[in-house]
Amino acid sequence: MKVFIAGATGGLGRLAVTRLTAAGHDVTGIARTDRSAALLDRLGATPARLDLFDDTAVTSAVAGHEVVMNLATRIPTGGSAATRKGWVENERLRRDGSRILVDAALAGGATRFVQESICFSYADHGADWITEDAALEPLSLNAAMVDAEDSAARFTAAGGNGVVLRFGQFVQPESPMTQALLDGAAKGRVPLVGRPDAYQSMVDVGDAAAGVVAALDAPADTYNVCEERPATRAEHLAALEAIVGHRVRMLPRAAAMVPVMAFIARSQRVSSHRFVEATGWRPTVPAVVDAWPAVARAIAAS
């Protein structure tokens with residue numbers, strides 16, 4: 001298949017491009033810099049030097065591709081995640097980028113559109129499993145994920161196959177959030193907040209990339225793509241303590257009073273059963289909590 005990808009050089013995009021080209025697909029990826037273009041060349045993809053928000057350029061570049069994917073994202077980290085300004089670029093990528101890509105896909109005759117989304121906008125469900133039918137409760141800071149998912153639905157309504165992938169929190173050595181967890185553990189306090197018995201659904205980024213490839217054969221729908229066995233924050237703390245050899249604390253309970261912190265303090269035990277049934281995809285890391293030692297070694301070796 002001819003596949004066009006926005007976000008092809010990001011943490012997920014690089015691995016997705018690698019898997020897609022290895023499977024024999026003809027991949028084109030947006031490259032905003034010479035460095036990004038060179039990376040795509042090395043991965044066996046064709047760089048498209050354009051601005052995602054240039055409607056005319058995107059329409060021209062997308063023409064002739066069977067599949068269009070929007071993996072472009074810019075999730076803020078650290079203190080900026082608590083500010084509206086920190087989310088502006090990510091919101092634009094989700095809202096305007098998705099709209100432009102869907103318009104281009106429809107104009108160019110593509111038959112499939114794949115949109116990256118997130119599962120951590122579900123409400124707090126305690127220890128209950130969360131399926132795709134559960135209502136979303138995003139903050140106003142990151143509400144554009146709903147717009148992006150609506151764009152995929154518009155593609156389906158027009159006769160195509162719109163697929164939404166709601167990923168768990170990515171875990172990979174290069175991820176700032178992953179590094180923050182391990183760096184925090186070394187210092188005795190990790191950027192986790194909420195109840196110790198609350199669940200946190202994650203996914204190994206390699207498994208997420210495999211999910212992107214599996215989406216080529218998925219019926220039009222919305223799917224959770226997460227680990228099989230989400231752990232509680234207490235279980236993650238215990239795993240991190242075993243690595244660093246001393247006690248590790250979460251952020252103070254008072255931090256959950258800040259709206260964005262209350263958002264990430266929710267308990268979300270997310271099920272990927274629908275995606276597994278539809279595609280046969282299964283994570284090679286079924287429980288991220290068991291993978292922390294390997295992740296720590298990979299970061300130390302980098």
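Predicted model: local features only at pLDDT ≥ 70, side-chain atom pairs only at ≥ 80, totals over all residues.
So, the sheet: 7 strands make an open sheet, ordered S3-S2-S1-S4-S5-S7-S11, and the pairing is parallel. Strands here are DSSP E runs of at least two residues, helices are H or I runs of at least four, and both are numbered from the N terminus. Two strands pair if DSSP finds at least two bridges between them. At the edges stand S3 (46–48) and S11 (221–225), each with a single partner strand, so one side of each has no neighbour in the sheet. From one strand to the next, the twist averages 20 degrees.

Residues are numbered from 1 along each chain as its sequence is written, and side-chain values use heavy atoms, with hydrogens and water left out.

Okay, back to the strands. S5 (residues 112–118) pairs with S7 (residues 161–167) in the parallel sense over 7 bridges, and Val114 sits opposite Val163 in S7. What joins S7 to S11? That's 5 bridges, again with the strands running parallel; Phe167 has Val225 in S11 as its bridge partner. And S11 is mostly covered, with 4 of its 5 residues buried. Buried means under 20% relative accessible area, exposed means over 50%, and partly exposed is in between, using a 1.4 Å probe and protein chains only.

Now a helix pair. The axes of H4 (residues 88–108) and H5 (residues 144–157) come within 7 Å and cross at roughly 10 degrees. The axes are lines fitted to C-alpha atoms, for helices over the stretch in contact, and angles run from 0 to 180 degrees between N-to-C directions. That makes H4 roughly parallel to H5, a label for angles under 35 degrees.

Zooming out, the protein chain has 11 helices and 13 strands. Its radius of gyration is 19 Å, close to the 19 Å from the globule rule for 302 residues, so the chain is as compact as a globular protein of that length. That's over C-alpha atoms, and the rule is 2.2 Å times the number of residues to the power 0.38. Of the 302 residues, 50% count as buried. The C-alpha trace spans about 55 × 40 × 40 Å along its principal axes.

Conventions. Parallel < 35°, antiparallel > 145°, perpendicular 65-115°, else oblique.
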